[in-house]
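Morning, everyone. Please have a look at the model first.

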Amino acid sequence: MMSRRTILSSLTLGLLGAAQVSATALTAMLGANERSCYYADVDGVGEKVGFYFAVQSGGNFEIDYVVMDPDDKVILEGVAEKQGDYIFTANQVGEYSFCFENEAYTSDKLLDFDIMVESEPRRVLSAQQQPLKEHTSSLEESTYKISGLLSSITRTQKYFHTRHHRNYSTVLSTQSRIFWFTILECVIIVAMSLIQIWILKTFFSRSGR
């Protein structure tokens with residue numbers, strides 16, 4: 001009969017070997033008429049590659065993007081997109097490029113994006129751990145489910161984070177417009193008052209009226 005320490009060690013190894021994920025989360029400023037590319041290495045055929053981006057501020061929150069494989073073949077592309085969340089299977093080993101283009105726009109853009117290369121190999125138990133195979137397999141399945149739920153929560157948080165930035169940018173833009181409209185209104189009122197004073201002064205100063 002196996003000891004409790006051996007069981008705990010086996011379960012820990014199962015959790016550590018359940019998934020291997022390589023991810024990059026970045027925030028970058030893309031200037032007007034500028035193109036910026038980022039790269040991720042894929043080490044095996046069939047690995048899942050996740051790509052998420054969202055325009056946090058700038059203009060109408062629109063950006064062009066293109067994703068290419070190591071042979072410069074286009075995998076994903078879009079024009080005037082505000083955000084995107086994609087997962088695709090890598091059919092080649094090598095360097096994948098993720099490019100953002102702001103060449104068609106005149107305002108700077110603040111981008112929030114993630115590039116994730118994920119591999120989920122199933123851990124094979126040794127002969128000495130065969131009695132725990134069923135329990136470990138169930139634990140791995142639970143780990144995958146929890147990982148999926150956490151990924152869903154993360155994506156939801158990113159969505160609300162993006163909405164917060166966009167709404168905040170809209171509020172700042174509205175405040176700026178209200179401020180300058182108020183200044184313009186005050187200038188118009190002062191100008192009308194001066195014009196009225198000048199008209200009344202001219203009206204009473206002219207002889208014969």
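I'll start with the strand, then turn to the disulfide.

First, the ground rules. This is a predicted model: local features need pLDDT of at least 70, side-chain atom pairs count only at pLDDT 80 or more, and totals for chains, interfaces and linings use all residues. Residues are numbered from 1 along each chain as its sequence is written, and side-chain values use heavy atoms, leaving out hydrogens and water.

Find strand β4, residues 63-68. Strands here are DSSP runs of E, at least two residues, numbered from the N terminus. Six of the six residues in β4 are buried. Buried means under 20% relative accessible area, exposed over 50%, partly exposed in between, with a 1.4 Å probe and protein chains only. In a regular strand the side chains alternate between the two faces of the sheet. Here, Ile63, Tyr65 and Val67 point one way, and Asp64, Val66 and Met68 the other.

Now its partners. Two strands pair if DSSP finds at least two bridges between them. β4 pairs with β5, residues 74-81, in the antiparallel sense over five bridges. Ile63 has Glu81 as its bridge partner there.

Val66 stands opposite Cys99 in β7.

What does Cys99 join to? Cys37, through a disulfide, S to S 2.0 Å. The cut-off is a pair of cysteine sulfur atoms within 2.5 Å. Cys37 sits in β2, residues 35-42, 62 residues apart from Cys99. The S-S torsion is about 110 degrees, so this disulfide is right-handed. Cys99 is buried at 2% relative accessible area, while Cys37 is partly exposed at 25%.

Terms used. Helix = DSSP H or I, 4+ residues; strand = E, 2+ residues; numbered from the N terminus.
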